[in-house]
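User: I would like to learn how to read a ligand site and the packing of helices. Please take me through one example.

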Amino acid sequence: MRPLPALTSALIALMLASLTVGAADIRVTDAFRDPQALLVLLESRLPRTLSVVLTGAALSVAGVLIQALVRNRFVGPDTSGTAEGAALGLLAITILWPASPLWLRMIAASLSAMVTTALFLAVIRRLPVREVMLVPIAGLVLSGVLGSVVTFVGWQTDLMQYVGTWLMSGEFSGVISGRYELLWIAGVAAGLAWFSADRFAILGLGDQVATGLGLSTAAVMRLGLAVVSVVTAMVVTTVGMIPFVGLVVPNLVARIMGDNLRASLPVVALAGAVLVLACDLAGRLVIHPYEVPAGTILGVLGAVLFLWLLHRRPPRSKPAHG
Amino acid sequence: MIQIQGVSHAIGGTPILHDITTTLPKGRLTALIGPNGAGKSTLLRLVGRLEPLQQGRITVAGHDVATTPTDRLARVMAILGQQTAIASRLRLAELVAFGRWPHHKGRPGPQDQAQVWLALKAFALTDLADRFLDEVSGGQAQRAHIAMAWAQDTDWMLLDEPLNNLDMSHARSLMARLRGLVDQGGRSVAIVVHEINYAAAWADHVIALKGGRVVAQGTAAEVLTEARLSELYETPIRVGTHQGRPLVLHHA
Ligand SMILES: Nc1ncnc2c1ncn2[C@@H]1O[C@H](COP(=O)(O)OP(=O)(O)O)[C@@H](O)[C@H]1O
Ligand SMILES: [Mg+2]
């Protein structure tokens, strides 16, 4: 079974299912006759489905990029200080200018995410090359510290409610038309990364090989940093951080297809969309008509998948970096 | 020609190379020899711009490595560093194909594919082309790395200890191919070798380094003498001849 057609079929099936499931009792097939059904479909079901797909795809691609940037498989945009950085930016702009327009909040979140992710990259540059596990640990520590800062400031300024929606529970129940479109920016950013897929793959080979092949590593690092930060910032701003996708999906795909990113990035994007959509659907069905956040389901499922990955490492795992 | 003029280098305050001035002749196979820690890898990395130059000047076929754009240099020289372990999960054919990247920048043509195929064939990798790097032996992975540099098809090829992990037959076949590259292809090759007899048997030009200084340079016959080698390695060494070339014996 080839991954691309299989995942495409799965995604289409899940999207159709997603359009039919929801609190309002409508029939999708009536949409052409029943204006009420059409309204629910266009204003709620379709935006929700698209937002889930965009989030899953973009976060997974961001995961591949951050892993190529740090040359370590055990990190994702949720464990590299990126999401917390975005939240920090949102918090700052909310405090400084409570009535700031959306585009400004988006820029603040993206820039702040870039700064904290760059900090992560700077920290791990100084770690001993052979200590593969220090990189994810450094990421977790940095994320933890930044998260604490966000929480502390959130408490002090009475904004904890917002902080919760950004970082604690990624979920899609609030998505309606007009409140998710930022995610298209995440999708486009992830799509742009595909055009530089070769460059990211070469970057993943290590500084030495990349320089030998004439790649300007600094420029590629900046591009990767920008994509990872923008994707994460858009997700944090609109639906809240979704854990584990950016970590688990790239690993699963690399195990099967390897790291030739030109071929594997589309598969990564599709697999991420399928995984998050499946979790969101499950969350909508288990206690119907109530919901479990997709982020919560992914938290559990992702942890299990991650443990499984840790125990099934490649036959001869090699040290990271070049 | 590679010209190295007044190159000094320090790592973390410790001087590694001291005012090195030498040339690697064009159209020759040059061997860099010397004891562990002599600075061979550091020098090769500086030539291959894997390390920023601190002092002095290096030109490769007229291109100043400090100022020429790195992608331009990638079409003039290919470099294989000493540390080849990489974390990526690539098929051998995909890794070798990246050797063509400096030429096509993401749009490989039929000519690029032909080059990749030739490189895989030259290093007996065609049967392993679809295997992942982490699923082959150390010597096979090493050959894939050399094949990538080979596919890059540049006037200069710099290889740091390419014989690592290679058995006698693959080592011999690599040296013969490098020789062919020089003799028939008109290319220039520089390699760091530890097994001195590979330099004795195949190299035109030998540069001996010790303690970050050039202590001898010249043709293989000029440099690989009993007095020079015994001093270089601080151990008694005998040199005989075999088929008109030096043969270095350590069971003296
Ligand atoms: N990253 C580094 N930090 C400190 N010293 C180094 C580093 N890399 C190399 N050296 C030192 O530089 C000297 C030359 O190293 P190298 O060029 O690798 O030698 P060779 O390749 O001739 O064995 C050695 O003494 C080595 O210990
Ligand atoms: Mg060395």
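## Reading the ligand site and the helix pairs

Analyst: Helix 1 (residues 40-47) of chain B gives the largest share of the shell around ligand 1, 3 residues. Helices are DSSP runs of H or I with at least four residues, numbered from the N terminus. This is a predicted model, where local features need pLDDT of at least 70, side-chain atom pairs count only at pLDDT 80 or more, and totals for chains, interfaces and linings use all residues. Residues are numbered from 1 along each chain as written, chains are lettered from A and ligands numbered from 1 in the order written, and side-chain values use heavy atoms, without hydrogens and water.

User: Which residues surround ligand 1?

Analyst: A residue is near a molecule if one of its heavy atoms lies within 4 Å of it. Here the shell includes Ile11(B), Ile16(B), Pro35(B) and Lys40(B). It divides into 4 nonpolar, 5 polar and 1 charged; Ala, Val, Leu, Ile, Met, Phe, Trp, Tyr, Cys and Pro count as nonpolar, Asp, Glu, Lys and Arg as charged, and the others, Gly among them, as polar.

User: Which polar side-chain atom lies 2.7 Å from an oxygen atom of ligand 1?

Analyst: A polar contact with a ligand is a pair of N or O atoms within 3.5 Å. The atom you ask about belongs to Ser41(B). A side-chain N or O atom of Thr42(B) is 2.5 Å from a ligand 1 oxygen, and a backbone N or O atom of Gly37(B) is 2.8 Å from one.

User: How do I read two packed helices?

Analyst: Two packed helices are described by the angle between their axes and the distance between those axes. Axes are lines fitted to C-alpha atoms over the stretch in contact, and angles run from 0 to 180 degrees between N-to-C directions. Helix 1 (residues 3-20) and helix 12 (residues 261-286) of chain A pack at about 30 degrees, with axes 9 Å apart. They are therefore roughly parallel, a word for angles under 35 degrees.

User: What is the angle between helix 3 of chain A and helix 4 of chain A?

Analyst: Helix 3 (residues 82-96) and helix 4 (residues 102-125) of chain A pack at about 135 degrees, with axes 7 Å apart. They are therefore oblique to each other, the class left after under 35, over 145 and 65 to 115 degrees are taken out.

Definitions and conventions. A polar contact is a pair of N or O atoms within 3.5 Å; within protein, one must be able to donate a hydrogen and the other to accept it, and residues adjacent in sequence count only if both atoms are side-chain atoms. Helices (H or I, at least four residues) and strands (E, at least two) are DSSP runs, numbered from the N terminus.
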